[in-house]
Amino acid sequence: MSLATGSTLIIRRIPGSDRIEVETRNPAGETISTVTRSGDAARRLLLTLATIERQGPRR
């Protein structure tokens, strides 16, 4: 998922668990943050990101 800042979110499901990892990379491709969520927090985060993606770019 690309952000307006030029950064990229990389979302990974961790096999064999209910956990997801979200990595943020700057335009140069360097990792600037990584968070891991599980259970309800993971589901809420995925739903939020999906909603943002569906809405498209802000004008």
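Which residues does Asn26 touch, not counting residues up to four places away in sequence? In this predicted model, Asn26 touches Gly6, Ser7 and Ile32 under that exclusion, a contact being a pair of heavy atoms within 4.5 Å. Local features are reported at a pLDDT of at least 70 and side-chain atom pairs at pLDDT 80 or more, whereas totals for chains, interfaces and linings use all residues. Residues are numbered from 1 along each chain as its sequence is written, and side-chain values use heavy atoms, with hydrogens and water left out.

The C-alpha trace spans about 35 × 25 × 15 Å along its principal axes. Of the 59 residues in the chain, 17% are buried, where buried denotes under 20% relative accessible area, exposed over 50%, and partly exposed the range in between (1.4 Å probe, protein chains only). The chain exposes about 4500 Å², of which carbon and sulfur atoms supply 52%; these accessible areas come from the Shrake-Rupley method with a 1.4 Å probe, and for residues only the protein chains shown count as cover. Among contacts between residues at least 6 apart in sequence, 14% join residues at least 24 apart.

The strands form an open sheet of three, in the order E1-E2-E3 and with antiparallel pairing, two strands being counted as paired if DSSP finds at least two bridges between them. Strand E1 (8-13) and E3 are the edge strands, each of which pairs on one side only, and the twist from one strand to the next averages 15°. E1 and E2 run antiparallel and are joined by six bridges, with Thr8 standing opposite Arg25 in E2. These two strands form a hairpin with five residues between them, in whose turn Gly16 has a positive phi of about 75°. E2 and E3 pair in the antiparallel sense over seven bridges, and in E3 the bridge partner of Glu21 is Thr36, that of Val22 is Val35 and that of Glu23 is Thr34. The hairpin of E2 and E3 likewise has five residues between the strands, and Gly29 in its turn has a positive phi of about 90°. H1 lies across E1, E2 and E3 and runs at about 125° to E3, the axes being lines fitted to C-alpha atoms, for helices over the stretch in contact, and the angles running from 0 to 180 degrees between N-to-C directions.

In soluble globular proteins, nonpolar side chains tend to be buried together. The largest nonpolar core in this model has five residues in all, namely Leu9, Ile20, Val22, Ala42 and Leu49; such a core is a set of buried Ala, Val, Leu, Ile, Met, Phe, Trp, Tyr and Cys residues joined through side-chain atoms within 4.5 Å. Strand E2 (19-25) and helix H1 (39-55) are the elements that give two or more residues to this core. Val22, one of the core residues, touches Leu9, Ile10, Ile11, Ser33, Thr34, Val35 and Leu45, when residues up to four places away in sequence are not counted.

Thr24 also lies in strand E2 and counts as buried because its relative accessibility is 13%. With residues up to four places away in sequence again not counted, Thr24 touches Ser7, Thr8, Leu9, Glu30, Thr31, Ile32 and Ser33. Asn26 is placed in the loop between E2 and strand E3 (31-38) and is buried, with a relative accessible area of 17%. The side chain of Asn26 makes a polar contact with the side chain of Glu30 at 2.7 Å; a polar contact is a pair of N or O atoms within 3.5 Å, of which, within protein, one must be able to donate a hydrogen and the other to accept it, while residues adjacent in sequence count only if both atoms are side-chain atoms.

Gly56 is located in the segment after H1 and counts as partly exposed because its relative accessibility is 33%. From C-alpha to C-alpha, Gly56 and Pro27 are 20 Å apart in space, with a separation of 29 residues in sequence.

Terms used
Helices (H or I, at least four residues) and strands (E, at least two) are DSSP runs, numbered from the N terminus.
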